[in-house]
Amino acid sequence: KFPIFNMAKAMALNSAAGLAGMLKAGHKHMEGVDGATLRNVEAAKGLAGIVRTSLGPNGMNKLVINHLEKIIVTSDCATIVKELEIQHPAAKMLELAAEMQEQECGDATNLTVSFAGELLKMCEDLLRMGLHTSEIVMGYKKAYEFLEKALPELVTETIADARDAKELERVVTPVLAAKQFGYESFLAPLVVEACMGTMGKGGKPQVNTDSVRIAKIMGGNVHQSEVIHGMVIMRGSEGAIQHAKAAKISVFACGIEASATEAKGTVLMKNADDLMTYNKSEEKKMDEIIKSIADTGTKVVISGGTVSEMAMHFIERYGMLCVKITSKWELRRICSATGSTALVRLGPATAEELGFCDAVDVKEIGGRKVVVFAQGDNAADGCRVSTILLRASTESVLNDLERAVDDGVNCIRTCCLHGGLVPGAGATELELSRKIKAYGDTCPGLEQYAIRSFAKALEFVPRTLAENSGQEPTDVLAALYAAHASGKAGVGVEITGEGNGTRETGKEIVDLLHTKESAFRLAVDAAVTVLRVDQIIMSKPAGGGKLGI
């Protein structure tokens with residue numbers, strides 16, 4: 001009877017109540033151009049407006065205080081949108097596009113969000129002109145299809161040898177300059193050296209971003225940063241021994257201590273000898289275990305748990321260096337770097353389970369003790385790890401340096417897979433804008449307005465670069481259009497403002513073709529998805545309010 005009663009109740013729909021009568025109480029509903037589309041456009045414009053001023057080398061930093069009251073000072077778009085905790089569903093789509101761009105290329109997240117916001121800003125005027133959203137979407141799709149074909153034509157060169165340090169430095173310098181302007185000439189060689197240290201000697205060069213580690217030590221200045229071929233553990237050794245050369249390594253995922261009994265027991269001591277010899281058997285057993293580990297040729301012992309005082313005494317006696325690593329992720333990385341296997345039993349490792357490292361040393365950097373696992377040139381291809389040791393005066397600067405270096409490493413990874421380069425400094429976007437505008441003039445129908453708006457949206461990159469560097473954007477754009485019209489497709493914005501605000505990018509200021517393609521694709525997809533929404537229906541949030549008791 002109960003299901004029939006519920007069905008009868010549900011069927012008694014009050015048609016006069018409309019949608020409110022059909023949905024659960026407490027829902028929100030918006031529809032139409034003014035109710036849904038323009039609201040979504042406003043939210044997306046708001047997010048794009050926040051990150052847009054952070055574009056380029058002269059981009060401004062944002063000071064974000066998250067829900068944990070942690071202060072983040074950065075110009076990195078991916079970090080900003082992640083820490084803002086966006087609630088609006090339309091703006092959330094732009095955040096997801098930025099997140100995907102960060103995963104795929106690790107760079108150009110600002111271009112993705114800002115370009116999507118610019119496209120939606122342009123469609124606002126088109127909607128007020130009377131165009132339907134379907135016509136705008138069709139125009140944007142046609143313009144993007146043309147952009148897909150036109151962008152590869154702008155490739156100026158392709159990196160043939162990804163093992164050439166000078167070529168990689170040239171590619172990674174503009175990426176680092178966009179995040180840490182002024183330090184790019186110092187950081188670029190560090191990033192290239194670290195990445196080349198992880199490349200295998202044979203086969204096609206490739207970079208695994210997880211193999212390039214970043215260690216941050218506060219104090220000193222940025223120019224004291226260095227590259228260490230190997231791994232750095234951010235704590236000192238447990239004992240007095242601090243150096244080991246050509247070391248075999250035993251790694252234990254468990255602690256190095258005597259195992260406790262499962263059940264409680266009572267020990268009855270009858271005389272003084274019982275008291276004196278109480279610990280002898282435990283000491284003897286621990287001595288046997290540590291001796292068996294030392295007999296395998298082990299010079300370094302790594303523990304994933306606690307190391308008892310007794311075990312430490314015998315490790316010191318047999319001349320082994322002991323390191324404690326509490327993080328299981330760090331333990332896995334050290335196993336990967338040294339080619340060892342983490343043991344869950346306390347005992348000697350087999351020859352296959354033992355790892356190897358050329359040198360293990362305890363060093364003091366900036367008043368902090370660290371353990372350096374240094375690798376030589378003969379390290380196996382799968383075990384190559386490099387660490388970039390960053391130094392800076394404050395935590396905020398250190399974190400921003402880490403983000404910049406991370407972008408640089410991702411840039412080199414992309415360069416190894418897709419080596420095509422296009423002009424930077426807004427030159428590519430301006431040339432695409434010219435070509436798409438000309439294409440729009442040849443198209444019949446109402447889509448031509450959307451295609452022209454797409455072309456105008458691309459102008460935001462050189463305009464923003466000019467604005468952020470304190471120049472007059474209209475004058476700079478006019479000079480750029482004049483240069484491009486005369487056939488100079490490589491002319492971009494001069495951020496120092498010298499001359500008329502333009503410069504020939506040449507081989508110095510370049511962007512990766514694959515990164516641009518990915519950013520444009522994700523931006524157009526996000527903008528079109530937002531445009532296709534004509535109704536927003538939100539259910540009442542779960543949980544409700546507090547009880548008035």
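Predicted model: local features only at pLDDT ≥ 70, side-chain atom pairs only at ≥ 80, totals over all residues.

Student: How many helices and strands does the protein have?

Tutor: There are 19 helices and 18 strands.

Student: And what share of the residues counts as buried?

Tutor: Of the 549 residues, 48% count as buried. The protein exposes about 27200 Å², and carbon and sulfur atoms supply 54% of that.

Student: Now helix 16. Why is it said to be largely enclosed?

Tutor: Nine of its 12 residues are buried, so the rest of the structure largely encloses helix 16. Among the buried ones are Glu447, Gln448, Ile451, Phe454 and Leu458.

Student: What covers them?

Tutor: The cover for the buried residues of helix 16 includes helix 6, helix 7, helix 15, helix 17 and helix 19.

Student: How does the end-to-end distance of helix 16 fit its residue count?

Tutor: At 1.5 Å a residue, residues 447–458 should span 16 Å. The end C-alpha atoms are 17 Å apart, which agrees.

Student: Is the crossing left-handed or right-handed?

Tutor: Helix 6 passes helix 7 in a right-handed crossing.

Student: Which residues meet there?

Tutor: From helix 6, Leu119, Met122, Cys123, Leu126 and Leu127. On the helix 7 side they meet Thr133, Ile136 and Tyr140.

Note on methods. Residues numbered from 1 in each chain as written. Heavy atoms only, no water. Helix = DSSP H or I, 4+ residues; strand = E, 2+ residues; numbered from the N terminus. Expected span 1.5 Å × (residues − 1). Buried < 20%, exposed > 50% of the residue type's maximum accessible area, 1.4 Å probe, protein only. Contact = heavy atoms within 4.5 Å. Areas by Shrake-Rupley, 256 points an atom, 1.4 Å probe, with all protein chains shown as cover. Left-handed = near helix turned anticlockwise from the far one by under 90°.
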